[in-house]
Amino acid sequence: MQIAATHTGSDFDALASLVAASVLYPEAKLILPNSINPNLKTFLSIHKDLFNFYSSRDIDINKVKSLIVVDTSSWKRLDGLQSLRQKKDLEIILFDHHVKDDIEADHVVRKETGAAVTLLVQEIQKQKKIITPIQATLFLMGIYEDTGNLTFTSTTADDAHMAAYLLDRKADLSILNTFLQYAYGKKQKDILSKMLNKTSRLSFGNHTISISVVEIKGRIQNLAVVVQMYREIVNVDAAFGIFHDTETDKCMIIGRNVSDEINMGLIMRSLGGGGHSGAGSAQLKKVNPHTIETMILELIKGNQHSSVSLSDIMSYPVISVNENTPTKEVAMLLREVGCTGFPITDNNEKLVGIISRRDFKKIRKESQMQSPVKAFMTRNPVSISYDKSAMEAAKLMIKHDIGRIPIMKKNKVIGIITRSDTMLYFYDLLPD
Ligand SMILES: [Mn+2]
């Protein structure tokens, strides 16, 4: 007899890996551990008939000749199958994304992917096995749950490739959302309402943040989901939850961010944790949660990409040219100053256009060089306010395919920002 097993406290990755194992090994009996996560229970209460699961008590352990283990490499995480450990001539096949542990297998597929099911789906794809849309949905749930919808830093290109493959195989995103939502249960709901009760918003330059300190008792799962929802409801760019576990005096810090100017990973790494620009977490022992709050604020203030505004990095003084200046003079001035374009203003110094090399290509005859520059300039130029960030300027340049943007203060051009200004800034080539 061949059986497939996974770790206790099964999550969607474990369940998906188990079902994927049955696609690769149709003879295998699937052993579902006695303890599984609540959102899995909800899923199974509806889908159980589709899968044929056994409990370790239902099978005769002595008849097991082959054991497939998925999503764990540790014997102690295999519920009720400990006696197999002593069994001689037992074939073991292992698929796992965790580091090596005490299960010695005859055939091992181990890679540090975000989800274990990714490894099994790769094999399914390779062997051209047919899977149903429901299987594809479950496998994708495994990938999404273990990779935080492909956003955790543990995510690999393999996970994303297999997610694409499963969408191709008709994985149903609406079903997936319904069941992954259950990660948000009563405990999570209570914490979210606590956070919302004493919410505060702070503005830093161009972005808004919110930090919330909440006391919890013991380990609570899926706090990241809570912070994610909190950020969306409070509608800030970056949200931080500092969860103080009063039993262990540990603080779990979780951050979610959508601003280009805050790097959550950087902040969390400074606190001893990790992450990437959009999401991160850290854990600190025996530190007052309000001290952590202050630390986060200091880190955001100290983040130079967030505090520098355009007026700090623009080119100035800016030379602007009156719209009635003959084009020939403008061309000479450009050569003299050694730049590639000027803002054009009217007699009231109002910005009316911009002239750049590209505009000079419109000139066909030498005589046209006598015409005022307003004949060739680009009208309605894109401009930006001096208190905006370099990132916003860069985004405008990409959106409008332009290399320079006049910087405005109270309807006056006070400077210009060029593509090279933003490049220098982003690559930290500017002196402090
Ligand atoms: Mn896993």
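The centres of domain 1 and domain 2, taken over C-alpha atoms, are separated by 32 Å. This structure is a predicted model, so keep in mind that the values here are computed from a prediction. The protein is divided into domain 1 (2-183), domain 2 (186-307) and domain 3 (311-426).

How many residues of domain 1 are in contact with domain 2? There are 4 residues on the domain 1 side, and they meet 8 residues of domain 2. If you sort the domain 1 side by class, you find 1 nonpolar residue, 3 polar residues and no charged ones.

In soluble globular proteins, nonpolar side chains tend to be buried together. Here the largest nonpolar core has 48 residues, and the members touching the most other members are Ala4, Val70, Phe139 and Leu140. Helix α1 (residues 12-24) gives this core its largest share, 8 residues. Apart from this core lies another one, of 33 residues, including Val236, Phe240, Ala282 and Leu284.

Helix α3 (residues 117-126) packs against helix α4 (residues 133-147) with axes 9 Å apart and an angle of about 140°. Because of that angle, α3 is oblique to α4; an angle has to be over 145 degrees to count as roughly antiparallel.

Where do the two helices meet? On the α3 side you can pick out Val117, Thr118 and Val121, and their partners in α4 are Phe139, Gly142 and Ile143. The residues of this contact divide into 4 nonpolar, 2 polar and no charged.

## Two loop residues with positive phi

Finally, visit two spots in the backbone. Asp249 is not a glycine, yet its phi is positive, about 55°. You will find Asp249 in the loop between β9 (238-245) and β10 (250-257). Is Asp249 buried or exposed? Asp249 is exposed, because 12 other C-beta atoms lie within 10 Å, and a residue counts as exposed at 12 or fewer.

Asn380, also a residue other than glycine, has a positive phi near 45°. Asn380 sits in the loop between β16 (378-379) and β17 (384-385). With 9 other C-beta atoms within 10 Å, Asn380 is exposed.

Key. Residues numbered from 1 in each chain as written. Predicted model: local features only at pLDDT ≥ 70, side-chain atom pairs only at ≥ 80, totals over all residues. Core = buried A, V, L, I, M, F, W, Y, C linked by C-beta atoms within 7 Å. Buried ≥ 20, exposed ≤ 12 C-beta atoms within 10 Å, placed from the backbone. Helix = DSSP H or I, 4+ residues; strand = E, 2+ residues; numbered from the N terminus. Axes fitted to C-alpha atoms, helices over the stretch in contact; angles between N-to-C directions. Parallel < 35°, antiparallel > 145°, perpendicular 65-115°, else oblique. Contact = placed C-beta atoms within 7 Å. Nonpolar A, V, L, I, M, F, W, Y, C, P; charged D, E, K, R; others polar. Domains from an automatic or database assignment.
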